[in-house]
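Trainee: I would like to learn how to read strand pairing and helix packing from a model. Can we go through one together?

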Amino acid sequence: MDGMLMMSEQESSPMGETVSARPLPTRSARQHTLRQSISCVGIGLHTGLRIRLALHPAAENSGILFRRVDLDGRTIPGRFDHVIDTRLSTVIGDPANPALRVATIEHLMAALSATGIDNVLIDVDGPELPVLDGSAADFVFLLDCAGLAEQAAPRAAIDVLRPVRVTDGDAFAELRPAREPGLALAMSIAFPAAAIGEQSFTARLDRRSFRDEIANCRTFTLRQEIEALHAAGLARGGSLDNAVVVDGAAILNPSGLRRPDEFVRHKMVDAVGDLYLAGATLNGVFTGHKSGHALNNRLLRTLFAEAGNWRFQTRTLRPQPLRAAA
């Protein structure tokens, strides 16, 4: 497995070892951050660079913030309106400063969403995040080892009030109002490669379903596209250790697939991460057909383009019980 985890002093476990996760809090009305800082080192999927990533606790209402420690600590908010590129990954940055960017953030964003982390400071010393094994599972592992800390501020959510839809040919992405809180997702894909074909998957996003059903599903590519990607300066760090490579009806990875429909499940991981760039959890129903990072980002931009499409809400907190003085 590509990459090396560096645990806090309170935790020590080698990469790849099965670790008993701390008990996860039930869905809370309060915000959460990390209990302690944690870091890892890995290879960037597209740059091939060795990159160090560190996750730190952050104050209430600060959200998801990326900091380029190699660029004088300049920061980029993890929000949809800071997305500057969607070719093969989601990239946030400053359009006026091409050097200030962080690519391949979607797998970490998905893990943050599914584990209920609202506030975190993310240090990175290069232009993209390490890909680790190509899925969100290693990021969930990092978050488990750091632990979650409840904060005093109420948690925010965004209600989808009316349907919004974006299209690109026969591909589309859509958000509709939900009958109950939370995010439900349905994804379908269609590829000419026989090993992929047509696949579909549905899920309601929660901590357990994310871990059990989609977190370990890896990014993938077609063998015939690799040369073109390299020519475009992309996928320089890709390997059979961090991506599924398909050649017609064949899977080139010696270990094969983790699930028969790993491809569509990974597309759902991407969607979960891209949608968390809304700036808060979404209450709605997402449907995507052949949807990727570009359509996912256009969907959020369309949602927030009109005030009647959405409503920002804060959960009501129950009064804290009074404690008698000792």
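**Reading the sheet and the helix pair**

Mentor: This model is predicted. Start with the sheet: it is open, has three strands in the order β7-β8-β9, and pairs antiparallel.

Trainee: Which are the edge strands?

Mentor: An edge strand pairs on one side only; here these are β7 (83–85) and β9 (97–102). Neighbouring strands of this sheet are turned by 55 degrees against each other on average, direction ignored.

Trainee: How many bridges join β8 to β9?

Mentor: Three bridges link β8, residues 91–94, with β9, and the two run antiparallel. For a residue pair, take aspartate 94: opposite it, in β9, stands asparagine 97.

Trainee: Now the helices. What describes two packed helices?

Mentor: The angle between their axes and the distance between the axes. Here, take α1 (residues 106–115) and α2 (residues 137–146): their axes come within 8 Å and cross at roughly 50 degrees. That angle is why α1 counts as oblique to α2.

Trainee: Is the crossing of α1 and α2 left-handed or right-handed?

Mentor: α1 passes α2 in a right-handed crossing.

Trainee: Which residues make the contact?

Mentor: From α1, they are His107, Leu108, Ala111, Leu112 and Thr115. From α2, Phe139, Val140 and Leu143 take part.

Trainee: How do the residues of this contact divide into nonpolar, polar and charged?

Mentor: In the contact of α1 with α2, six are nonpolar and two are polar. No charged residue is part of this contact.

Conventions
Residues are numbered from 1 along each chain as its sequence is written. This is a predicted model: local features need pLDDT of at least 70, side-chain atom pairs count only at pLDDT 80 or more; totals for chains, interfaces and linings use all residues. Side-chain values use heavy atoms; hydrogens and water are left out. Two strands pair if DSSP finds at least two bridges between them. Helices (H or I, at least four residues) and strands (E, at least two) are DSSP runs, numbered from the N terminus. Axes are lines fitted to C-alpha atoms, for helices over the stretch in contact, and angles run from 0 to 180 degrees between N-to-C directions. Angles under 35 degrees count as roughly parallel, over 145 as roughly antiparallel, 65 to 115 as roughly perpendicular and the rest as oblique. A crossing is left-handed if the near helix is turned anticlockwise from the far one by less than a right angle, and right-handed if clockwise. Contact means heavy atoms within 4.5 Å. Ala, Val, Leu, Ile, Met, Phe, Trp, Tyr, Cys and Pro count as nonpolar, Asp, Glu, Lys and Arg as charged, and the others, Gly among them, as polar.
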